[in-house]
Amino acid sequence: MFNLKTWKNFDFILFLTTVFIFAIGLAFLYSSTYHFSYKHNGILTQSFLIRQITWFALALLIGLIIVKVDYQKWLELAYPLYGLNFILLLLVLLSGVAKLGAQRWISLGNIGFQPSEFSKLIIVLTLARYLGQREGVCGKEMAVCFLIVGAPFLLIVKQPDLGTALALIPILFAILYVWGARLRTLILIFAAFGLSSPFLWQALKDYQKRRILVFINPDADPLGAGYTVIQSKIAIGSGGLFGKGWLAGTQNQLNFLPERHTDFIFSVVGEEWGFAGAMLLLILYFVLIWRAYSCAQQTQDSSGRLLVCGIIAMLSFQVVVNVSMTMGLMPAVGLPLPLISYGGSSLFTTMASIALLLNIGMRRTVF
Amino acid sequence: MHLRLLKKITFVSFLFLTLCLAYNQIIKGPYYSQLSQNNRIKLARLPAPRGLIYDRCKRVVAGQRLMFNAALLSQEIKDVQQSLEKISPILNIPQEELLRRFRKNFSAPFIPVVVAADVPKETAILLECKESDIPGLIIQTEPLRDYRYGASLCHILGYLGSMAEDELRKFKEYGLRTKDLIGKSGVEKEFDHYLRGEAGGMQVEVDNRGCKVRVLGKRAPRKGADLYLTIDAQLQEFIDSLLEGKKGACVVMDVQSGEILSMVSEPGFDPNLFIAALNGKPAAERRIKELLNSREAVLVNRAISGVYPPGSIFKIVVAAAGLETDGISPEARLECPGSFKVGRRRFFCWNLDGHGRQNLTEAIAYSCNVFFYKLGLALGPQKIASFARKFGLGNTTGVDLPYESTGLVPSRGWKLKTYKERWYDGETANFSIGQGYLLVTPLQMAQVISAVANGGYLTRPHIVETGGQKSGGFRKRLALEKETLEIIKEGMRRVIDDEQGTGRQARISGVQWAAKTGTAQVSNRASHGWFGAFYPFDEPRFSVLVFLEYGGSGGGTPAMIAKKIIEYIIEKDVGGRT
C-alpha cells in the first residue's frame with residue numbers, strides 16, 4: 001500500500017506548483033488585509049494570514065492521509081460522504097449563518113465552514129464511483145447522474161450560492177463526456193437547460209438578478225451592485241505591464257476594492273504585479289491543470305480517470321470564471337480562486353482534490 | 001480520446017483570459033490608470049488672499065484681518081448632531097441652523113466645513129479650549145477683507161461679492177470657482193484681476209470613504225498684488241463728514257497730473273457689510289436688502305455715474321467758445337436789463353434788477369444769464385456743443401473706475417434724431433447757461449475746471465497710482481489762447497474776491513483762489529448746487545468740485561463746503577506722499 005515504487009511516481013511538479021501558487025496567495029492575502037489589520041488594531045496583527053497558514057498546514061496533513069490511502073478506498077467511501085454532505089447542506093438551510101445575504105455557513109464552535117465547497121469534490125467522487133463501475137452508455141445511468149448532481153444543486157441554489165451550484169454543471173458534463181456519452185446528446189441536454197433558464201430566472205433572488213443585470217451593464221448602478229466590478233476592472237487595468245508594486249496598489253490599499261481578500265483577490269494581483277504577475281499566476285494554474293491531464297492520460301483505471309477529469313473540470317472552471325469575473329467578463333457569481341482566495345473550506349477542497357490527483361498519479365501502474 | 005476536446009477547451013479558455021488581460025492591462029492600461037488616480041486623488045482649494053489697497057500716504061484703506069471660523073472636520077466625526085449640540089450654546093446659534101449650514105457647506109470629508117464664520121475672538125478662544133471635548137471641531141483662521149475707513153471710501157473701493165452666473169461663465173477659464181469672491185464695483189472691480197492673486201491647491205490622497213490618507217502635494221496660493229491709490233484717505237474722511245446727511249458728490253483733483261485726491265459720493269454704505277453678509281450675518285443681510293431697495297441709489301457713485309444739468313458753471317465753456325471763435329472781444333460790454341426776449345418768450349436773469357453793462361469777466365463773476373443768452377445766441381448751438389465736447393463733456397473721462405457715464409451734449413442733429421423736431425433759439429438760450437438737455441457728471445466738471453487752471457490741458461483723472469510712470473496723467477492740449485484762459489480765470493477769481501461775486505461767501509482772508517458757481521433749476525424741486533474751484537490762484541495745484549443734489553444755490557452750501565476743503569488743504573498741506 002505504501003512503498004518506494006509508488007513514491008517514485010509522485011508528481012513533484014504538481015505538488016511544487018501547488019505550493020508556489022499558495023505562496024503567492026499568501027503574499028497577496030497579506031497585501032489585501034494589510035490595510036485593516038494595521039488600521040483597526042494599531043499593531044500589526046495578521047489574523048487572516050495566520051488562519052490561512054493554519055488551514056494550509058491542516059490541509060497538508062489531510063492531504064498526506066489522502067495520498068497514503070489508495071484512492072480506491074476513497075471511492076468506496078463516496079456514497080457515505082455524499083449522504084453526509086447532503087445532510088449538512090440541509091442543515092445549512094435550517095440553521096446556517098447568514099453572511100452577505102446568503103446562508104452558506106455552519107458553525108462549529110467559533111469556526112464556520114461551507115458544506116457547499118465540499119460538495120463539489122464529493123460529487124466528483126460519487127459520479128466517478130457510480131460511472132466507473134458501469135460500461136456502455138445508456139440513458140438510465142445518465143438520468144441517475146443528473147439526480148446525483150441535481151439534488152445538492154437545488155439545495156445549494158436555495159442557499160443561495162449560485163457560483164458553487166454553477167460549478168457543478170461542467171463537472172457533470174465533463175465526467176459524462178469522458179465516460180463516453182455522445183457529444184450531441186450532451187449538447188441537446190445543455191440546450192434544454194438553456195431554454196428553461198427563463199424559469200430559473202424567476203427562482204433567482206433579487207440580488208442575484210441585480211448582479212446579472214449589472215454584469216450586462218455595470219454603469220447602471222455604479223455605486224451599488226456594479227461598484228465591485230468597476231473597481232476591480234480599474235484595479236486590474238491600472239496595474240499595467242508590471243504593476244504598482246506589492247503593497248502599493250492604490251485600489252487595494254485605499255480600500256476601493258471590496259471583497260478583495262476573497263473572491264476578488266486576483267484584482268489585487270493584477271494591480272500590484274501587473275500583466276506579468278497575472279500571467280505568472282495563469283501559467284502556474286495552466287501547468288497544474290496540464291499535469292492533471294497527463295495524470296488522466298496515464299491512468300488506465302476508469303473510475304480514476306473520471307475522478308481526475310471531474311477535478312480538472314472543477315478547478316479550471318473556478319479559475320476561468322473567477323478571473324473572468326474580476327475583469328467583468330462574467331457576472332460576479334461568487335466563486336473563490338483556488339489556493340489563493342482566503343477561506344478554509346475552499347482551501348481544504350482544493351488541497352484534497354490535488355491530493356487525490358497525486359494519489360491517482362502514484363498508483364497508475366497498479367494494473 | 002475524449003480528453004483531447006477537454007484539453008482544447010481548457011487551452012482556449014486560458015488563451016482567452018490572456019488576451020483579455022493584455023487588452024485591459026496593456027492597451028487600456030493608461031485609461032484605467034487615470035481612473036484609479038481620479039479615485040484616490042482629490043483636490044482641495046486654498047484661496048489666495050487679496051492684495052492690499054493703500055492711499056497716497058501708504059495708509060491701508062482695504063486691508064486684511066484674521067477671522068475665526070468654527071468648522072467641523074467630518075472625517076473625524078461619528079455623530080454630527082452630538083458635536084453640534086455641544087457648540088450650539090457657545091456660538092448661541094440653534095442646532096438646526098448649524099446642521100443646515102453643515103449640510104450646505106459640505107464638500108468632502110477631509111475639508112473642514114465652516115458652520116459659523118467670523119465668530120468673535122472671545123468665542124473663538126472659548127471654543128479652542130473645548131476643542132478636545134468636541135470631536136472634529138477646528139478653529140480656522142482665514143484672512144478677510146477689511147475696509148479700514150468704512151463708508152467714506154465706499155464708492156472708490158467698491159465691494160466684494162460671490163459670482164453671478166454670467167460672471168462665473170466669463171471667469172471660468174481663468175480658474176475661478178463658484179465660491180470665489182470678485183469685486184463688484186469700484187477699484188475692487190476695475191482691478192480685480194490684479195488684486196485677486198492665484199488660488200493654490202492641495203492634492204490629497206483619499207480612501208474609499210473620501211477620508212484623507214495623506215497630502216501628496218501642495219501649491220501655496222499666490223497673494224494678489226497690492227494697489228496704491230492717489231486718494232488721501234484723511235482728506236476723504238474729512239470731506240465725507242462735510243457731506244454727511246446730504247446728497248451729492250465732491251471731487252478733489254490735482255490739476256496737473258489728474259490724480260484724484262478725494263472722490264466722495266453721498267449717501268454711501270459700509271463695504272464691510274457685504275463681507276459680513278457673505279459670512280452669514282443676518283443683520284448685515286437685512287441692511288443690504290434695505291440699501292438695495294432704497295430710492296436713494298446708495299450704491300451709485302454720483303461723482304462718475306450721476307448725470308445732472310451743470311447750470312452756470314457751464315458758462316466757463318461758453319465763455320471760452322466766445323473768446324476763441326471771436327464771438328465776443330474781451331472788452332465788449334453787453335447790457336443786462338434783468339430779462340431778455342427770445343422769440344415770443346422772455347428769459348430772465350437770476351438778478352431781476354439787471355446787471356447793467358458788463359464785460360465777460362464781470363459776467364462770469366456775477367454769473368449774468370442775459371449776457372450769456374446773448375453770447376450763446378450769437379454763437380449758435382453747434383459751436384457751444386463743439387466746445388463742450390472739446391472740454392470732454394459728452395464722453396467718459398477715462399477714469400479708472402467702472403460704470404462711468406458719458407453725460408449728454410445736445411446738438412441740432414441730436415434733437416432731430418431724438419425728438420424728430422428742429423432746434424429752437426430758446427433752447428440755445430438755455431444751453432448757454434448750462435440748462436436744458438445738457439447733462440454732465442461732477443467728475444467731468446472737475447476736469448473742465450482743471451483744464452482752465454492748468455493752462456488748457458484736458459487731463460485724464462485717475463485714482464490708482466501707475467507705479468512711477470506718468471501715463472495715468474495722460475493729457476491733451478486744448479489749444480486755447482493764453483488770453484482766453486486768463487480772462488476766464490480772472491472772472492473766476494472775482495467770483496470770490498468781488499463784492500458782488502456769486503461765491504463771495506467762501507472768501508478766505510489771505511488766500512487767493514478762484515471758483516465758479518452753478519445753480520441748475522429742476523422743475524418743482526430745489527435747484528442742484530454746483531461749486532467748481534481751483535487753488536492757489538497763481539500756480540493752481542488743486543481743483544475742487546462740490547455738487548449737491550437739490551442742494552440750493554451754488555454760492556450757498558456748496559461754496560461753504562469748498563471753502564472748508566480749501567482751508568483743510570492749506571492747514572494739512574495736502575498733496576504730499578506722507
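How many of the 578 residues in chain B are buried? Buried residues come to 54% of the chain. Keep in mind as you look around that this is a predicted model.

**The chain as a whole**

Let's start with the overall build of chain B.

What about contacts along the sequence? Take the contacts in chain B with a separation of 6 or more: 69% of them are between residues 24 or more positions apart.

**Surface and charge**

As for charge, the chain carries 79 positive side chains and 61 negative ones. The centres of these two sets lie 7 Å apart.

**Some backbone spots to look at**

Now for the local detail. Most residues other than glycine have a negative phi, and most peptide bonds are trans.

| Residue or bond | Backbone feature | Value |
|---|---|---|
| E266(B) to P267(B) | cis peptide bond | omega near 0 degrees |
| Y535(B) to P536(B) | cis peptide bond | omega near -15 degrees |
| K58(B) | positive phi | near 60 degrees |
| K420(B) | positive phi | near 55 degrees |

Where do you find the two prolines, P267(B) and P536(B)? P267(B) sits in the loop that runs between β12 (260-266) and α11 (272-278). P536(B), for its part, is in the loop between β20 (525-535) and β21 (542-548).

The two lysines are in loops as well. K58(B) belongs to the loop between β2 (53-54) and β3 (60-72), while K420(B) is in the loop between α18 (412-419) and α19 (425-432).

Is K420(B) buried or exposed? Its relative accessibility is 68%, and exposed means over 50%, so K420(B) counts as exposed. K58(B) has a relative accessibility of 48%, which falls between the 20% and 50% cut-offs, so K58(B) counts as partly exposed.

Definitions and conventions. Residues numbered from 1 in each chain as written. Chains lettered and ligands numbered in written order. Predicted model: local features only at pLDDT ≥ 70, side-chain atom pairs only at ≥ 80, totals over all residues. Heavy atoms only, no water. Helix = DSSP H or I, 4+ residues; strand = E, 2+ residues; numbered from the N terminus. Buried < 20%, exposed > 50% of the residue type's maximum accessible area, 1.4 Å probe, protein only. Contact = heavy atoms within 4.5 Å. Lys, Arg positive; Asp, Glu negative; His and termini not counted. Charge placed at Lys NZ, Arg CZ, Asp CG, Glu CD.
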